[in-house]
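Welcome! Take a moment to look over the protein below, and then we will walk through some of its parts together.

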Amino acid sequence: MDSKSCSNDVDVETKEMDTRSLPASRRGLMHLHKVGTPPKQNLLREFTARVNETFFADDPLRPFKDQPRSRKLVLGIQAIFPIFEWGRSYNWKKFRGDLIAGLTIASLCIPQDIGYAKLANLDPQYGLYSSFVPPLIYAFMGSSRDIAIGPVAVVSLLLGSMLSKEIDPNLNKAEYRRLAFTATFFAGITQATLGFLRLGFLIDFLSHAAIIGFMAGAAITIALQQLKGLLGIKNFTKETDIISVMHSVWGNVHHGWNWQTILIGVSFLSFLLVAKYIVKDIEKGINPSSVYQIYFRGEYLLKGLKIGIVAGMIALTEAVAIGRTFASMKDYQIDGNKEMVALGAMNVVGSMTSCYVATGSFSRSAVNFMAGCETAVSNVIMSCVVFLTLEFITPLFKYTPNAILAAIIISAVAGLIDIPAAILVWKIDKFDFVACLGAFLGVVFKSVEIGLLIAVTISFAKILLQVTRPRTAILGKVPMTNVYRNILQYPEAAKVPGILIVRVDSAIYFSNSNYVKERILRWLMDEEERVKAACQPMIQFLIVEMSPVTDIDTSGIHALEELHRSLEKKNIQLILTNPGPVVMDKLEASRFANLIGEDKIFLTVADAVSSCSPKQADEV
């Protein structure tokens, strides 16, 4: 062996011995990994990927890949009409479950439909019409196995409230009915359009907490409206807020209350003998055509469009929420966009067959689920029972007292008040509870529309607050580890002398970039005051942990540049750790990485601390 090779071996051994003799943090410096910069992407490809992720996250065309043309045709039909997919495996056992469930929900829906039609200020048969045609359409096009279709209390009340502000249902019943069909048509168009354009994520802007408050407020409003029938009051307010209703109730206490009707509402012992007001005749026969009654021009076209959009969105939100709830219980998936198309199609067809807005009913769906439904055939069974009722049984409803219908409606909407859910919202997120309470108070004290507006406004306000005021945290080193965590969550985590470590828990955009910069500088100012008072080493390095920063725009880059300049004036070095691929790409493109130096961008906080202060990193 020559002397040169021996010399090399000695050098290697010496380096290894020197490495082993170094502290752990210094040894780590020799093996630091550089933050990776993603390869440049084609602009068109990047834009296409972003669009696909936004509108086609579920990859709806995947089943069509590598399929022959005939198979693609079959899959296309099944995509539009899911019944042709699950119908192939339908059997007697499933039909037996659907039969029992369908008969059960039919017994529930018939009295409810009559009552809900009254909430919408329509004649009783229109409630039954809306449980005949729409469920048939949904059974062919819907993807939920458990949802039960028909009129619901909240949408009926909303329609009745908004339509009556345009046309008095007592003075002009025919025009009012035409406007109701027009609103139903545009509700369906709205729902189907959202589904076709894959804009279902828009309904998620109405938060779960806001829906809880909105539903509870609507339940109380609906129950208060039933005091007219329950107390036998003839002259009752048309307003829906609690103050107007209670004023109307107590204003009629001496001469407007019908005590016989009150007795009937409380007890069913002898209601046929003493009932003074009863339902009007329910028109016999199935749905007549209403195609020519829809306003396609004139002054009521835009009014119908406005009401239809609002009613359609509320109906959509309720139906999708119900569908997802029961799908999770049975461990299957529903396609939200297909649901929207199905709901839209059934309401468009319904508007042409004398129906008003139908959607998924929570009370019926719960009964449907508990009764053992297997598929959407339970809706077909319910529809068939409603058909028989319209053809043969409707005359019998002539003698049903209004007090009984009022009691049925109050009983049906009582389940919409979910106090445990509201308490849970309070425990989890106080701001969510504000949305819940705001929606509730808006509906109860003003109107359904105002409550809905408050719910949407507070939901948007929460989003804006979270976007414009993201959370930041001071990090410290967890003892006996190289892990750095929030010192508020881990009080035992220790700060590193001379170094301030800040984590930003959000993307940095134009809407929050200035706040992020100022918040970091405030953290720095507070820390400088603290170390000065404690006679500790002054801050020399500011490390910004960027793992949670999913994206950054030009305003965010500009804010980092301003932060860098502010720190330079204080002789403090800015260091970044673990920026993601999107962020790193933009830091490189903007040359900000060159501005601070690429050696100031580290893979982990531990690497950055070791580089800045290796001795103190070991001592902490």
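A residue is called buried when its relative accessible area is under 20%, exposed when it is over 50%, and partly exposed in between (1.4 Å probe, protein chains only). Helices (H or I, at least four residues) and strands (E, at least two) are DSSP runs, numbered from the N terminus. With these terms, helix H28 (residues 605–612) turns out to be mostly covered, as 7 of its 8 residues are buried. The buried ones in H28 are Val605, Ala606, Asp607, Ala608, Val609, Ser610 and Cys612.

This is a predicted model, in which local features need pLDDT of at least 70 and side-chain atom pairs count only at pLDDT 80 or more, while totals for chains, interfaces and linings use all residues. Residues are numbered from 1 along each chain as its sequence is written, and side-chain values use heavy atoms, with hydrogens and water left out.

**The whole chain**

The protein chain holds 29 helices and 8 strands. Of its 620 residues, 47% count as buried. Contact means heavy atoms within 4.5 Å. Among the contacts in the protein chain with a separation of 6 or more, 80% are between residues 24 or more positions apart.

**The sheet**

In what order do the 6 strands of the open sheet lie? The order is S4-S3-S5-S6-S7-S8, with mixed pairing. At the edges are strand S4 (484–486) and strand S8 (601–602), each of which pairs on one side only. Two strands pair if DSSP finds at least two bridges between them. Strands of a sheet pair through backbone hydrogen bonds, either parallel or antiparallel.

| Strands | Sense | Bridges |
|---|---|---|
| S3 and S4 | antiparallel | 3 bridges |
| S3 and S5 | antiparallel | 3 bridges |
| S7 and S8 | parallel | 2 bridges |

Ile474 stands opposite Val502 in S5, Leu475 stands opposite Asn486 in S4, and Leu576 has Ile601 in S8 as its bridge partner. S3 and S4 also form a hairpin with 6 residues between them, and Met480 in the turn has a positive phi of about 65°.

Is S3 enclosed or open? S3 is largely enclosed by the rest of the structure, because 6 of its 6 residues are buried. In a regular strand the side chains alternate between the two faces of the sheet. On one side of S3, Thr472, Ile474 and Gly476 are buried, and on the other Ala473, Leu475 and Lys477 are buried.

**A helix across the sheet**

Helix H25 (residues 554–569) lies across S6 and S7, running at about 140° to S7. Such axes are lines fitted to C-alpha atoms, for helices over the stretch in contact, and angles run from 0 to 180 degrees between N-to-C directions. Ser566 has its place in helix H25. With a relative accessible area of 26%, Ser566 is partly exposed. Ser566 and Lys517 are 49 residues apart in sequence, and 10.0 Å apart in space, C-alpha to C-alpha.

**A residue at the surface**

Finally, look for Phe392, which is found in helix H19 (residues 377–393). Is Phe392 buried or exposed? Phe392 counts as exposed because its relative accessibility is 58%.
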